[in-house]
Amino acid sequence: MSQVRRQAALRPRPSWGWQDAAACRGEDLVLFFGPDGERQPEREIRERKAKEICAQCPVRSECLDYAISRPEKYGTWGGLNEDERASERRRRMRRANAA
């Protein structure tokens with residue numbers, strides 16, 4: 001048990017300071033996470049709007065790095081939706097394994 005605590009203590013804690021500068025700050029969360037029962041056409045429109053905000057964000061890379069490291073399973077983070085983040089996570093893992 002002490003080994004588990006020691007490992008947790010050594011793991012770096014995420015820094016949340018980047019969120020203060022996020023372009024999405026103050027936006028409706030539904031834009032980034034979507035309502036229950038959302039149909040595909042509405043989802044595509046919503047995600048496009050969320051990604052437009054992300055494209056202008058000064059902390060987009062920090063947001064994406066955070067979401068991939070968690071891993072966040074839902075929503076738009078760093079300009080990528082769930083499927084896109086899963087692909088990016090796999091790409092990063094392949095790159096790390098090749099190095």
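## Overview of the predicted model

Of the 99 residues in the protein, 28% are buried (under 20% relative accessible area, with exposed meaning over 50% and partly exposed in between, for a 1.4 Å probe and protein chains only). This is a predicted model, in which local features need pLDDT of at least 70 and side-chain atom pairs count only at pLDDT 80 or more, while totals for chains, interfaces and linings use all residues. Residues are numbered from 1 along each chain as its sequence is written, and side-chain values use heavy atoms, with hydrogens and water left out.

The secondary structure consists of five helices and zero strands, giving the pattern α-α-α-α-α along the sequence. Helices (H or I, at least four residues) and strands (E, at least two) are DSSP runs, numbered from the N terminus. The accessible surface comes to about 7500 Å², and 52% of it belongs to carbon and sulfur atoms; such areas come from the Shrake-Rupley method with a 1.4 Å probe.

## Nonpolar cores

The largest nonpolar core has eight residues: Trp18, Ala22, Cys57, Val59, Cys63, Tyr66, Ala67 and Trp77. A second, separate core of five residues includes Leu31, Phe32, Ile53 and Cys54. A nonpolar core is a set of buried Ala, Val, Leu, Ile, Met, Phe, Trp, Tyr and Cys residues joined through side-chain atoms within 4.5 Å. In soluble globular proteins, nonpolar side chains tend to be buried together.

## Helix H5

Helix H5 covers residues 82–98, and its 17 residues should span 24 Å at 1.5 Å a residue (the expected span is 1.5 Å times one less than the number of residues). The end C-alpha atoms of H5 are 24 Å apart, which agrees. At the start of H5, a side-chain oxygen of Asn81 comes to within 3.1 Å of the backbone nitrogen of Asp83.

The buried residues of H5 are Glu82, Arg85, Glu88 and Arg89. They cover an arc of only 120 degrees around the axis, so they lie on the same side of H5; the arc is that of the directions from the helix axis to the C-beta atoms. These buried residues pack against helix H3 (40–55) and helix H4 (60–69), where contact means heavy atoms within 4.5 Å. The face of H5 turned away from the buried side carries the exposed residues Asp83, Arg94, Arg95, Asn97 and Ala98.

## The loop residue Asp20

Asp20 lies in the loop between helix H1 (2–10) and helix H2 (30–33). Asp20 is exposed, with a relative accessible area of 56%.

Conventions. A polar contact is a pair of N or O atoms within 3.5 Å; within protein, one must be able to donate a hydrogen and the other to accept it, and residues adjacent in sequence count only if both atoms are side-chain atoms.
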